[in-house]
Amino acid sequence: MTTSNPLGSQLMRATLARFESQRESALATIGLYLNAAAGVGDHPDIVGEIQQATVKLAEAEEALDTLQRNFLAVPEEAPEDE
């Protein structure tokens, strides 16, 4: 993490955990609809349910990638002149 502030680090970990939880929840939902026939009967619009879970999955993964790219990535050092 790029911050030396303990509170900032804790907030970043909490934010990452929230998006990771959303990602896992979406994956579980999609997996349930695709692999467990028991849950299918309760939802008449399975395609719509999978679509909603897919959107949530994409949003969570995009948010995680954004945080990684902008706040967690180690900056590359410029090559030294020989």
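Student: Which residue forms a salt bridge with glutamate 61?
Tutor: In this predicted model, we look for a salt bridge, meaning a side-chain nitrogen of Lys or Arg within 4 Å of a carboxyl oxygen of Asp or Glu. For glutamate 61, the closest N and O atoms of such a pair are 3.0 Å apart, and the partner is arginine 23.

Student: How many residues apart in sequence are the parts that this pair ties together?
Tutor: Begin with the salt bridge between glutamate 61 and arginine 23. Glutamate 61 lies in helix 3 and arginine 23 in helix 1, so the pair joins parts whose separation in sequence is 38 residues.

Student: Which residues are linked in a network of salt bridges?
Tutor: The structure holds 2 salt bridges. Besides its pairing with glutamate 61, arginine 23 forms a salt bridge with glutamate 24, with the closest N and O atoms 3.0 Å apart. Side chains of opposite charge can pair when their charged atoms come close. The linked residues are Arg23, Glu24 and Glu61.

Student: Is arginine 23 buried, partly exposed or exposed?
Tutor: Buried means under 20% relative accessible area and exposed means over 50%, with partly exposed in between (1.4 Å probe, protein chains only). Glutamate 24 has 47% and glutamate 61 has 32%, and both count as partly exposed. Arginine 23 has a relative accessible area of 27%, so it is partly exposed.

Student: Where does the residue numbering start, before we go on?
Tutor: Side-chain values use heavy atoms, leaving out hydrogens and water, and residues are numbered along each chain, as its sequence is written, from 1.

Student: In which helix is confidence highest?
Tutor: Confidence here is pLDDT, the predictor's score for each residue from 0 to 100; local features need at least 70, side-chain atom pairs count only at 80 or more, and totals for chains, interfaces and linings use all residues. The protein averages 88, and 87% of the residues score at least 70. Confidence is lowest in helix 2 (residues 37-40), with a mean of 65, while the highest mean, 96, belongs to helix 3.

Student: How many helices does the protein have?
Tutor: Helices (H or I, at least four residues) and strands (E, at least two) are DSSP runs, numbered from the N terminus. Read from that end, the elements run α-α-α. There are 0 strands, and the number of helices is 3.

Student: How far apart are the end C-alpha atoms of helix 1?
Tutor: The expected span of a helix is 1.5 Å times one less than its number of residues. Helix 1 (residues 6-35) has 30 residues, so it should span 44 Å. Helix 3 (residues 46-72) has 27 residues and reaches 37 Å, close to its expected 39 Å.

Student: Which residues form the largest nonpolar core?
Tutor: A nonpolar core is a set of buried Ala, Val, Leu, Ile, Met, Phe, Trp, Tyr and Cys residues joined through side-chain atoms within 4.5 Å. In soluble globular proteins, nonpolar side chains tend to be buried together. Here the largest such core has 5 residues: Met12, Leu16, Leu64, Leu67 and Leu72.

Student: Which helix gives the most to this core?
Tutor: Buried residues in helix 1 include Met12 and Leu16, and those in helix 3 include Leu64, Leu67 and Leu72. Helix 1 and helix 3 are the elements that give two or more residues to the core. The most, 3 residues, come from helix 3.

Student: Which residues does leucine 67 touch, leaving out those up to four places away in sequence?
Tutor: Touching is contact, which means heavy atoms within 4.5 Å. What covers the buried residues of helix 3 includes helix 1. With those sequence neighbours not counted, leucine 67 touches Met12, Thr15, Leu16, Phe19 and Leu72.

Student: Is valine 47 buried or exposed?
Tutor: Valine 47 sits in helix 3, and its C-alpha atom is 10.0 Å from that of isoleucine 30. Isoleucine 30 is one of the buried residues of helix 1. Valine 47 has a relative accessible area of 65%, so it is exposed.
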